[in-house]
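Biologist: Could you take me through the nonpolar packing in this one, and then the aromatic rings? I'd like a close look, with the residues named as you go.

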Amino acid sequence: MTYHFVNLVSWKFFINKSNSYNRNIYIDSVSLSFCCNFFGKKVKRQSGVNFFHTKLPVEKNLYLTNSNDNNLKNIFVLPFWNDCSKIKISKELHNSIRKYDNIIIGISSPKQDFLAEKINEIFPEKRIYCLGAAVYSSSNDLHNDKKGLTWI
């Protein structure tokens, strides 16, 4: 199952996608939530920061990030991909993913969403969380997050 936390940057990725694979889509940003509600699509905001710090299962987690300087354990540093067409699951990444129940992706959208789809094709039993910058937030950011001000 893949959990996408969508914001204004990543929403276009999902426009032409069917729900053909096991995924849950949450609206992460206040601005996207407002836009959806304004155009008649009632949605409830689910913050990636809040989810990361309060609801993420604590079983074995693998963090797929662009650096290893955020004090997390079990980090796999991903290469920099210029665009989604360059994203590949290397043998090393495949072997790392195989060892963990939860895969937390902390790279930019829509690259993280595209990578999650590729991982889900190979490992449909894994729980994949596309959290982007929420992985780099601290628990102190929860207060601002409730107001929707984390990234301001």
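Modeller: The largest nonpolar core has 18 residues, and Leu64, Leu78, Ile103, Ile105, Leu115 and Ile119 are the ones with the most contacts inside it. Strand E3 (61-65), helix H4 (91-98), strand E5 (102-106), helix H5 (111-122) and strand E6 (127-130) each give two or more residues to this core. H5 provides the largest share, three residues. Keep in mind that this is a predicted model.

Setting aside neighbours within four places in sequence, leucine 115 is in contact with Leu64, Leu78, Trp81, Ile87, Ile89, Leu93, Ile105 and Ile107. Another core, of twelve residues, lies apart from the largest one, and among its members are Tyr3, Phe52, Ile104 and Leu131.

Tyr3 takes us to the rings. Ring pairs link Tyr3, Phe5, Tyr26, Phe51 and Tyr129 into a cluster, and the model has eight aromatic pairs in total. Take tyrosine 3 and tyrosine 26: their ring centres are 6.5 Å apart and their planes meet at 10°, so the pair counts as stacked, given that stacking asks for planes under 30 degrees apart. This pair links distant parts of the chain, since tyrosine 3 belongs to strand E1 (residues 2-6) and tyrosine 26 to strand E2 (residues 23-27), 23 residues apart. As for burial, tyrosine 3 has a relative accessible area of 15%, so it is buried, whereas tyrosine 26, at 25%, counts as partly exposed.

Now for a pair with another geometry. Phenylalanine 38 and phenylalanine 39 are edge-to-face, with 5.1 Å from centre to centre and 90° between the planes. Phenylalanine 38 is exposed at 59% relative accessibility, and phenylalanine 39 is exposed as well, at 68%.

There is also a ring with a charge over it: the charged end of lysine 60 sits over the ring of tyrosine 100, 5.8 Å from the ring centre.

Serine 109 is in the loop between E5 and H5, and at 18% relative accessibility serine 109 counts as buried, because the cut-off for buried is under 20%. The side chain of serine 109 makes a polar contact of 3.0 Å with the side chain of glutamine 112. Leaving out neighbours within four places in sequence, serine 109 is in contact with Val9 and Ser10.

Definitions and conventions:
Residues are numbered from 1 along each chain as its sequence is written. This is a predicted model: local features need pLDDT of at least 70, side-chain atom pairs count only at pLDDT 80 or more; totals for chains, interfaces and linings use all residues. Side-chain values use heavy atoms; hydrogens and water are left out. Rings of Phe, Tyr and Trp (its six-membered ring) pair if their centres lie within 6.5 Å; planes under 30 degrees apart count as stacked, over 60 as edge-to-face and the rest as tilted. Helices (H or I, at least four residues) and strands (E, at least two) are DSSP runs, numbered from the N terminus. Buried means under 20% relative accessible area, exposed over 50%, partly exposed in between (1.4 Å probe, protein chains only). A charge sits over a ring if NZ of Lys or CZ of Arg is within 6 Å of the ring centre and within 35 degrees of the ring normal. A nonpolar core is a set of buried Ala, Val, Leu, Ile, Met, Phe, Trp, Tyr and Cys residues joined through side-chain atoms within 4.5 Å. Contact means heavy atoms within 4.5 Å. A polar contact is a pair of N or O atoms within 3.5 Å; within protein, one must be able to donate a hydrogen and the other to accept it, and residues adjacent in sequence count only if both atoms are side-chain atoms.
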